[in-house]
Amino acid sequence: MARIELESLQKEFGETVAVNDISLSVPDGEFLVLVGPSGCGKSTLLRTISGLESQTSGDISIGDNRVTNVEPKDRGVAMVFQDYALYPHMTARRNMTFGLDSHVSMSDDEIEQAVQDVGETLGIGDLLDRTPDALSGGEKQRVAMGRALLREPDVFLLDEPLSNLDAKLRDQMRAELTQLHERIGTTTIYVTHDQTEAMTLGDRVAVMNDGEIEQVESPQVLYDEPASRFVAEFIGSPQMNFLPVDVEGRSRPTVTTLQRHLTSPFPTPNETSLPATDNAVLGVRPEDLYLAQETEDDSFAGPVEMTVTLHETLGDSVVLHGTVANERIRIRTSQRPNVTAGDTIRVVVDPTRLHLFDSDGDTLAH
Ligand code: ATP
């Protein structure tokens with residue numbers, strides 16, 4: 001069992017608190033993604049788990065072992081870096097096997113067979129005698145993965161391993177990583193700043209902000225029930241709309257927004273009441289706003305008139321930017337509306353998809 005347990009983990013660089021009192025449990029076999037903006041502490045957290053950085057305080061356990069003060073090489077982890085960290089003068093094969101004998105008890109023949117097997121699995125079986133300068137970015141990435149796989153670690157720690165690849169190869173490698181994980185089931189922590197990568201790869205995703213974990217949940221729960229405005233803003237594209245709002249009635253609340261142009265019941269689960277607040281912010285995702293002509297669902301609130309300022313085509317959908325009563329709004333629709341900047345459209349909202357935040361950015365209700 002290679003569960004990872006972090007207890008009150010803290011890492012400071014002088015005045016900078018890069019990892020701030022993080023406690024986290026990653027069950028055996030989970031693929032956990034750490035995501036967050038640049039500088040939020042993702043890499044430092046990963047490097048502290050690997051032992052490449054020493055913690056300021058707190059404890060780390062992997063499996064049944066407390067590894068807080070154990071050498072990196074004895075922690076049972078294999079790390080893959082963004083820049084692959086390959087030795088330029090060694091062949092792919094040598095890069096994969098270098099130092100391996102101290103990790104696994106295999107004869108030279110067995111190691112040779114294992115390299116060939118891992119090479120075939122990763123689709124680089126024919127390239128093992130090349131040096132890194134004769135390999136593409138994707139192939140180098142596979143060699144780095146192969147090196148990690150051969151060590152048969154208890155835990156994989158991956159730091160933005162796909163970020164140097166072009167978009168197409170990144171998509172392909174992402175799918176391959178998911179399949180690989182389904183096959184071998186090794187507990188994995190994966191760092192990225194890319195929310196699409198996080199959402200598609202993670203069994204669970206931990207959203208980090210300023211050295212802390214804001215929320216750790218399955219991708220769907222993060223999207224549907226963000227615990228804070230920060231998470232709501234970070235997950236989803238284009239970004240959620242945030243609007244000033246009045247809330248009336250605590251147990252059967254009604255929200256009024258867009259300078260009173262839009263009023264809607266706020267269906268709280270089981271009629272639970274909202275906490276009292278005067279400074280709430282309403283969040284609504286662009287894909288939860290619809291063109292009035294798109295829907296005949298009479299539970300939708302509105303319509304309101306939106307003046308279109310920009311029309312972006314994404315291929316499968318269209319993002320319309322505009323204003324309603326001086327508030328800027330984005331809507332995303334899979335319809336292909338024939339509108340251009342300056343046109344007025346009628347917009348409705350699905351009231352079951354509204355989010356409410358307090359002035360500190362904490363979620364009040366979905
Ligand atoms: P990115 O996505 O840009 O890689 P990150 O979320 O991985 O960012 P970290 O690299 O972990 O963030 O950095 C967290 C904070 O710690 C930043 O403020 C960074 O400047 C600081 N930091 C990281 N490493 C060091 C170091 N060796 N010395 C001093 N400060 C550091």
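**Close-up 1. Aromatic pairs, with F31 and Y190 as the example.** Five aromatic pairs are counted in this predicted model, where rings of Phe, Tyr and Trp (its six-membered ring) pair if their centres lie within 6.5 Å, and planes under 30 degrees apart count as stacked, over 60 as edge-to-face and the rest as tilted. The rings of F31 and Y190 have centres 5.7 Å apart and planes at 40°, so this pair is tilted. F31 belongs to strand β3 (residues 31-35) and Y190 to strand β8 (residues 187-192), so the pair ties together parts that are 159 residues apart in sequence. Strands (E, at least two residues) and helices (H or I, at least four) are DSSP runs numbered from the N terminus. The model is predicted, and local features need pLDDT of at least 70, side-chain atom pairs count only at pLDDT 80 or more, and totals for chains, interfaces and linings use all residues. Residues are numbered from 1 along each chain as its sequence is written, and side-chain values use heavy atoms, with hydrogens and water left out.

Close-up 2. Ala, Val, Leu, Ile, Met, Phe, Trp, Tyr, Cys and Pro count as nonpolar, Asp, Glu, Lys and Arg as charged, and the others, Gly among them, as polar. S38 has a polar side-chain atom 2.6 Å from an oxygen atom of the ligand. A backbone N or O atom of C40 lies 3.1 Å from an oxygen atom of the ligand, and a polar backbone atom of G41 is 3.0 Å from an oxygen atom of the ligand. On its own the ligand has 630 Å² of accessible area, of which the protein covers 57%; the areas come from the Shrake-Rupley method with a 1.4 Å probe.

Close-up 3. The structure holds two cavities of 30 Å³ or more. A cavity is a set of points, on a 1 Å grid over the protein atoms alone, where a 1.4 Å probe fits but cannot get out, and lining residues have an atom within 4 Å of a point. Grid points are joined across faces, edges and corners, and a volume is the space filled by probe spheres set on the points. The largest cavity has a volume of about 100 Å³. Of the 13 residues that line the largest cavity, L243, L258, L262, L289 and V349 are the closest to its centre. The lining of the largest cavity divides into 13 nonpolar, no polar and no charged residues. β14 (281-284) and β19 (344-349) each supply at least two residues of this lining, and β19 gives the largest share, three residues.

**Close-up 4. The second largest cavity.** The volume of the second largest cavity is about 60 Å³. Its lining is formed by F31, M145, F156, L158, L177, L180, H181, I184, T186 and T188. β7 (155-159) and α5 (167-184) are the elements that give two or more residues to this lining. α5 gives the most, with four residues. Seven residues of the lining of the second largest cavity are nonpolar, three are polar and none is charged.

Close-up 5. The peptide bond from S237 to P238 is cis, with omega near -5°, and P238 sits in the loop between α8 (229-234) and β11 (241-248). The bond from G302 to P303 is also a cis peptide bond, with omega near 10°; P303 is in strand β16 (residues 301-313). A85, a residue other than glycine, has a positive phi, near 50°. The loop between β6 (77-80) and α2 (92-97) contains A85.

Conventions:
On a 1 Å grid over the protein atoms alone, a cavity is a set of points where a 1.4 Å probe fits but cannot get out, and a pocket is an open set with protein on both sides within 12 Å along at least five of seven lines; lining residues have an atom within 4 Å of a point. A polar contact is a pair of N or O atoms within 3.5 Å; within protein, one must be able to donate a hydrogen and the other to accept it, and residues adjacent in sequence count only if both atoms are side-chain atoms.
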